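Here are some notes for a first look at this entry. Please read them with the sequence and the structure open.

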Amino acid sequence: MSELSLLWNAESVAVIGATEREGALGRKPVAYLQRYGYAGRILPINPKGGTILGYQAYPSVLEAPGPIDLAFIVVSADRVPAAVDDCVAAGIKVAIIASSGFAETGDEGAALQAETVARARAGGLRLVGPNCIGAVGFGNKVMATFSPLFSADAVVSLEPGGLGIVSQSGALGFGAASLGIERGMRPGWVITTGNDADVSALEVLAELAGEPACTGLLGYLENVPDVGALRSLANSGKPVALLKSGRSEEGGRAAASHTGALATDDRVLDAALRQFGIVRAGDIDELLDAGDAFTSPRRPKGPRVAIVTTSGGSGILAADDVVAQGLELTPLQDGTRAALAEIIPSFGSANNPVDITAAVLSDPSLFDRSLDVIAADDTVDMIIGCFCVMTDGDVDKAVRALAKVAEKSGKPVLVSRTGADFLAPNARATLREAGLPDYPSPARAVRAAAALWQVSKPRAADSLAGLGIATPPAELTEPELKALLARAGLSVPVGRVVATASEAKAVVDEVGGTAVFKAVVPGLVHKTDVGAVKVGVASADAADAFDELSAFGGAVLVEELVGDGVELIIGVHTSDLGPVLTLGLGGIFTEALDDATSRLLPLAPGDAEAMVRELRGKALLDGARGRAAADVPSLVRTLETVAALVSGWEGGFELDLNPVRVLESGTKVLDAAHVIAKEA
Ligand SMILES: CC(=O)SCCNC(=O)CCNC(=O)[C@H](O)C(C)(C)COP(=O)(O)OP(=O)(O)OC[C@H]1O[C@@H](n2cnc3c(N)ncnc32)[C@H](O)[C@@H]1OP(=O)(O)O
C-alpha cells in the first residue's frame, strides 16, 4: 500500500492541535471522526493532555501509542515545523497540514513552507497541504478535515460511492462535493491539497485512479500539471475531468516566435488534455456534469448522437449543441426513419432530432416503440432524451423505456429535463437509480455527452518515430535551417546564398527569371516587418535588390518564386508540459486570424490529420470558391516530418516554419527560423 492511500485507509489518526474549545478548527476532525463512526484509533494531540471529546489526549505524537498512520496538523504556522519533526520522529508516513500562513502569504511564508517540506522529505514523511481543508475517505470514515460539510447542522448522506474529488482549493473541493451530494452523487473521496508543497493534487488523482473502487475522478488544479503525471493518470483508464484556473493570466505569454505566441500555456494544456482523453471543464457545474456522465455504466463507441424529444424546441437546441461540441448528429439510416414515420404522429418528426411530441403523455408506448428503433440503428452511438415539464409519473414512464433501451443496446442514454423539481420531486433519484445521467438543459446534457465521448474515445498508443537528427548546437540561420529541413525530407524552395550581385543574377536566371531575395541576419526573425524580404525580383533588378538587402549586414539568400497555395504556420516550442507542435492557418497572418491548433509531442498516428481537421478555416485547403484543392496529404506528411525531426531535441528551442505553402501538389516551407531560448 502506498503512503498516500493512508489518507483514506488510515487505521489511526492523530489530530495535532486538537482542542475541546467550541468553534476551534482543531475540535472538528475529532468530532467528525467520532460522529461518523470512524473505526480506527483517534489520537488528539494537545500540550495540555487530558481528554478531548472523551478521547485520551497526548502532549505529542511521540507520547501517543503507535503506530500512527496519519497526522492532521492544525496548529498555527510557526508551530508546524516542530510538529512535522515530531511526526518524523514518531515514524508517521503522511501528514496533512491544514494551517494557513505559508507560501500563499508571501516570501516569509514561502521560506517557512520550503523549510517544512525539506524537514519532512529528509524524514520520509509525505505532506499534504499546507493551507488546505484536509481529506475524507468516505469508505473508512477517515474524516481528516474541518470542513463544515460534516458539521452537526448539515444533513448529508455519506454513503460512499466511486467518485474521487481532488482539489487544490479546500473550500472549492468541499463546496463542489456538497453540490454533488445534493444532486445525489456519491463521492468516495474528497481530498484537498492546498499549496501542493509536497504531494500534488495530480499525484493524489493518480493514486486514486489505482483504487479498484474508484469509477471516476474530478479535479480542480491551480498549477500547470506535470505532463508525466497527466499521462499516467490518462493511462489509468479511469474517466477524469479537470477544472484548471488561470486561463486569463497565462493568455498573454511573451514569446520570441509566432508559434510561442499562438500556443499559450493554457492552449497547450487544452491540447494535452484532449490528446490524453481527459475532460477539461470550464466551471464547477461542467465538472459535476461530467462526473454524472461518468457514472453511466455504458460508454459510446463513437461521437454520433440521436436526439429523441417531446419538445421540438429543446430537440433543436440539443442538435445545435451537438455540432458545437464536436459531436455528430447522425441522419439515421433510411430504414430507421421509415420505421419511425410509422410510429410517430404526423405532426412529429422522424428525422434526428426525433420529435415524438407530447402525444407520448397519453400513449407512453410511443417511448418504447420509437426508442427501440433508434437504439437499433448502427449509426447511433449515444441517445439524448430531451424533455421539458414532466411529473413523477411521466418520468417513470420515460425512465422505464430509456433504461430498457440502454440496457438492451449497451449505448449510453443521457437526459435533459427542463422543468422544476417541485413538479417531479422523485425524478432525480429515479433517473439516477436507473443509471441515466440527468441535466436541466439540452446544452448541459450535450456537453456531458461530449465529456463521455472524450473519455471513451480510443487513443492511439504508438507514437511516431523520430529521425535521429540531433539538436542544433547553436541558433541556425535560415539557409542552414532549410538545409536541415531538406535533409529531414521537407520540401524547401530551390535557391542558395550569394556573395555578389552577379551571382545573385545567375540564381535568378536559374530559377526561372523571377526570384525572392532575403537578408540573412542572425537573430532577425520577423524579416517581412523590416523590409528584409523582396518578392518577385526580375533578373534585371537582381543587382539592386542584392545591394539593398546586403545593407542589412549579412548574407543574401536568393530563391525560386513558389506558386500560389494556402499559407500556414508550423511551429514547435517548448512549453511547461514539453515540446508542442502548432499548426495555424494564415502564414504570417496567423496571429491575427487566431486559427491554430496544437499537440504535445511526440505525435501519435492520426494526430497530424486531426490537427488539419481542427482548423476553423480548413475549407480553404479543400478549395474554396473555385480554387483547386490543396495537397492536404503532403501537409500531413510535413507535420509528421517536423515532429519527427525535433523528436529528441533538447528543450528550450523554438522552430517557426512560416509561411508554409500548401500547393496543388506538395507543401513547401518558404521561411524558417530557429530560436534558442536565452537563460532567464
Ligand atoms: C479556505 C481554504 O480553502 S484553504 C485554508 C484552510 N486553512 C485554514 O483556513 C486555516 C486558517 N487558520 C489557521 O491556519 C490557524 O493557524 C489554525 C486554525 C491552524 C490554528 O489556529 P490557533 O488556534 O491560533 O492555533 P494554535 O497553534 O494557537 O493552537 C491550536 C490548539 O493547538 C494547541 N497546540 C499548540 N501547540 C501545539 C502542539 N505543538 N501540538 C499540539 N497542539 C498544540 C493549542 O494549545 C490550541 O489548543 P487549545 O485551544 O486547547 O489551547
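How many nonpolar, polar and charged residues does the shell around the ligand have?

1. The model is predicted. By class, the ligand's shell is made up of eleven nonpolar, eight polar and three charged residues. There are 22 residues around the ligand, and those that come nearest are Thr19, Arg21, Lys48, Arg79 and Ser100.

2. Serine 76 contributes through its backbone, where a polar atom is 2.8 Å from a ligand oxygen atom. The ligand on its own exposes 1000 Å², of which the protein buries 69%.

3. A separate point concerns strand β10, residues 163-167. Five of its five residues are buried, so the strand is largely enclosed by the rest of the structure. Leu163, Ile165 and Ser167 point one way from β10, while Gly164 and Val166 point the other way. The residues on both sides are buried.

4. β10 has parallel pairings with two strands. With β11, residues 187-192, it forms five bridges, and serine 167 has threonine 192 as its bridge partner there. With β12, residues 216-221, five bridges are also found, and leucine 163 is partnered by glycine 216.

5. What hand does the β-α-β unit of β10, helix α5 and β11 have? The unit is right-handed, and its helix α5 covers residues 170-183.

Note on methods
Residues are numbered from 1 along each chain as its sequence is written. This is a predicted model: local features need pLDDT of at least 70, side-chain atom pairs count only at pLDDT 80 or more; totals for chains, interfaces and linings use all residues. Side-chain values use heavy atoms; hydrogens and water are left out. Buried means under 20% relative accessible area, exposed over 50%, partly exposed in between (1.4 Å probe, protein chains only). Helices (H or I, at least four residues) and strands (E, at least two) are DSSP runs, numbered from the N terminus. Two strands pair if DSSP finds at least two bridges between them. A crossover is right-handed if, with the strands pointing away from the viewer, the path from the first strand over the helix to the second runs clockwise. A residue is near a molecule or strand if one of its heavy atoms lies within 4 Å of it. A polar contact is a pair of N or O atoms within 3.5 Å; within protein, one must be able to donate a hydrogen and the other to accept it, and residues adjacent in sequence count only if both atoms are side-chain atoms. Accessible areas come from the Shrake-Rupley method with a 1.4 Å probe; for residues, only the protein chains shown count as cover. Ala, Val, Leu, Ile, Met, Phe, Trp, Tyr, Cys and Pro count as nonpolar, Asp, Glu, Lys and Arg as charged, and the others, Gly among them, as polar.
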